[in-house]
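Reader: I'd like to learn how to read a protein model feature by feature. Could you walk me through one?

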Amino acid sequence: MKNRKEKKQRDRLDILLTICDYARVFVIAILISLLVFTFGVRKKVVSGNSMYPILQDKEDVLINVAASYLTSIDRFDVVVVKNENEEHDLWVKRVIGLPGETIAYKDGKLYVNHQVVEETFLDTTYMEKAMKEKSLSVFTQDMEEITLQKDEYFLAGDNRVNSLDSRTPSVGPFHRNQIIAKGVLVYSPLSKVRYISDGN
């Protein structure tokens, strides 16, 4: 009788310990999720077509905040930046020029420190279509040289005919502290799930 009673007590204790273990795992999972979504990734809805066709208006994305602090910012990375005039206005753009470089566009070509750099990430089919619709001879209009300071980045949208970016004098280069994320995961619609991070 005594053994049976002790066994029941042990069984109850085992059940209680199991419940505690599950509760601990659940709490840890919630904390990790909160940390990830606070410091790792954030949700955003694409507004506009400045990065078309690689990103489209109204697509739901997760932006990779951690990567902008844990890895370097390189040419052709897709980044998310804060608009200096509106703190909550976030723009998705591509890094074209790095600190200290001289950037220019001439005859539709990118020049970095007076050397042509190919922008292979641009969608040639869309470029031809846009140029034809707007009667343009080049996809990216000429831009005079600009030399970036030590903390400045030259950013542009892939959709050069419909993008407000560093090519516009009123916008100009962005500072490093304005770049809040690097890399974008499109998660909706499900048929178009993809990760966009650089020009490869």
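Author: Gladly, and keep in mind that this is a predicted model. Let's begin with one side chain: that of R167 reaches the backbone oxygen of R160 at 3.1 Å. The side chain of R167 also makes a polar contact with the side chain of D165, at 2.8 Å.

Reader: Where is R167 found?

Author: R167 sits in the loop between β9 and β10 (174–175).

Reader: And which residues is R167 in contact with, leaving aside its neighbours within four places in sequence?

Author: Those are Y105, T140, M143, F154, A156 and R160. Let's follow T140 from that list.

Reader: Fine. Is T140 buried or exposed?

Author: The idea is to compare relative accessibility with a cut-off: buried means under 20%. T140 has 1% relative accessibility, so T140 counts as buried. This residue lies in the loop between α3 and β8. The side chain of T140 makes a polar contact with the side chain of R160, at 3.1 Å. Not counting residues up to four places away in sequence, T140 touches Y105, G108, R160 and R167.

Reader: Why does Q149 count as exposed?

Author: Here the other cut-off applies, since exposed means over 50%. Q149 counts as exposed because its relative accessibility is 52%. Q149 is in the loop between β8 (143–147) and β9 (152–156).

Reader: What does Q149 touch, not counting residues up to four places away in sequence?

Author: Q149 touches P99 and G100. As for E101, its C-alpha atom and that of Q149 are separated by 8.0 Å, although the two residues are 48 apart along the chain.

Reader: How do I read a helix, say α3? Which of its residues are buried?

Author: Look at which way the side chains point. In α3, the buried residues are Y126, M127, A130 and M131. Seen down the axis of α3, these fall within an arc of 130°, so they line one face of the helix. T125, E128, K132 and E133 are exposed on the other side of α3.

Reader: What about the ends of α3?

Author: At the start of α3, a side-chain oxygen of D123 comes to within 3.1 Å of the backbone nitrogen of T125. Just after α3, S135 takes a positive phi of about 55°.

Reader: Which elements each supply at least two residues of the lining?

Author: They are β6 (109–112), β7 (115–117) and α3 (124–133). The largest share, 3 residues, comes from α3.

Reader: Let's step back to the chain. How many helices and strands are there?

Author: The protein chain has 3 helices and 13 strands. Of its 200 residues, 38% are buried. Among contacts between residues at least 6 apart in sequence, 62% join residues at least 24 apart.

Notes: Residues numbered from 1 in each chain as written. Predicted model: local features only at pLDDT ≥ 70, side-chain atom pairs only at ≥ 80, totals over all residues. Heavy atoms only, no water. Helix = DSSP H or I, 4+ residues; strand = E, 2+ residues; numbered from the N terminus. Buried < 20%, exposed > 50% of the residue type's maximum accessible area, 1.4 Å probe, protein only. Arc of directions from axis to C-beta. Polar contact = N/O pair within 3.5 Å; in protein donor to acceptor, adjacent residues only side chain to side chain. Contact = heavy atoms within 4.5 Å.
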